[in-house]
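Subject: Structure handover

Hello,

I am passing on the structure we spoke about.

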Amino acid sequence: MSEVKATNIHWHEGDLPRDERFKALNAKGATLWFTGLSGSGKSTIASALEQVLVSGGVNSYRLDGDNVRHGLNKNLGFSAEDRTENIRRIGEVAKLFADSGCVSLTSFISPYRADRDLCRTLHDEGKLPFYEVYVDTPLDVCESRDPKGLYKKARAGEIKGFTGIDDPYEAPNSPELVLKTAEHSVEECVKQCLELLASKGIVNVAAGAAR
Ligand code: ADP
């Protein structure tokens, strides 16, 4: 699905170099890629983090699984091929946001390692920071939370190919951050994300204030 179909197209550089944009906006773009099982806490943490960052003056925007499937990716389902294309598009969009000086927060199960690695490569090629955040919550905890009632449906056979039940989740080999939501509160997990961003120079202090 992601084969190149357009020909005779050329990348237009524009007149505003990235470093000038970032300097003028007092911003630094990056992508924080949350991955983990359904119900692990990706959306909850990304949403809380977005609020802290934006209220501290850091431009941040959340790309959320269900939301993106309502629009940009509404023509994609949950087959392996469609999941791959879903993640590839998100990777490209997150990269554009990061290029604009935004801290993009993506919350997608993104179960396949190769798909996440592709998104990392896209960012690497564009010289933009990509940090993988593994929301490491045991399946039984996610299932007991079941915030959208999806595990119940999957167990009843009403949803096929559900990650963790009858579709695999490939945990990251070397994520920049691992969040243990069964042991740490949402606030603590947000703090760990802020510490990562501060340690990488994306925000200037662990409190998440603008640079
Ligand atoms: P996901 O986006 O990974 O599918 P959600 O964020 O939608 O997961 O749901 C996670 C559920 O777990 C929410 O109901 C949230 O309130 C709950 N939860 C409990 N503890 C935590 C925690 N430490 N971090 C994140 N979510 C938590």
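Predicted model: local features only at pLDDT ≥ 70, side-chain atom pairs only at ≥ 80, totals over all residues.

Helices H2 and H8

Helix H2 covers residues 42-55 and helix H8 covers residues 186-199. Their axes come within 9 Å and cross at roughly 60°. That angle makes H2 oblique to H8. The crossing of the two helices is right-handed. On the H2 side, the residues that meet H8 are Thr-44, Ile-45, Ala-48, Leu-49, Val-52 and Leu-53. On the H8 side they are Val-186, Cys-189, Val-190, Cys-193, Leu-194 and Leu-197. By class, this contact has eleven nonpolar residues, one polar residue and no charged residues.

Helices H4 and H5

Helix H4 runs over residues 80-99 and helix H5 over residues 113-125. Their axes come within 9 Å and cross at roughly 25°. Angles under 35 degrees count as roughly parallel, and H4 and H5 are therefore roughly parallel to each other. H4 passes H5 in a right-handed crossing. H4 contributes Arg-83, Thr-84, Ile-87, Arg-88, Gly-91, Glu-92, Ala-94 and Lys-95 to the contact. H5 contributes Asp-115, Leu-118, Cys-119, Leu-122 and His-123. The residues of this contact divide into five nonpolar, three polar and five charged.

The ligand

There are 16 residues around the ligand, of which Gly-39, Lys-42, Ser-43, Thr-44 and His-184 come nearest. Thr-44, which also belongs to the contact of H2 with H8, has a polar side-chain atom 2.5 Å from an oxygen atom of the ligand. In the side chain of Arg-145, an N or O atom is 3.3 Å from an oxygen atom of the ligand. With Thr-181 the backbone is involved: one of its N or O atoms lies 3.3 Å from a nitrogen atom of the ligand.

Regards

Definitions and conventions. Residues numbered from 1 in each chain as written. Heavy atoms only, no water. Axes fitted to C-alpha atoms, helices over the stretch in contact; angles between N-to-C directions. Helix = DSSP H or I, 4+ residues; strand = E, 2+ residues; numbered from the N terminus. Parallel < 35°, antiparallel > 145°, perpendicular 65-115°, else oblique. Left-handed = near helix turned anticlockwise from the far one by under 90°. Contact = heavy atoms within 4.5 Å. Nonpolar A, V, L, I, M, F, W, Y, C, P; charged D, E, K, R; others polar. Near = heavy atom within 4 Å. Polar contact = N/O pair within 3.5 Å; in protein donor to acceptor, adjacent residues only side chain to side chain.
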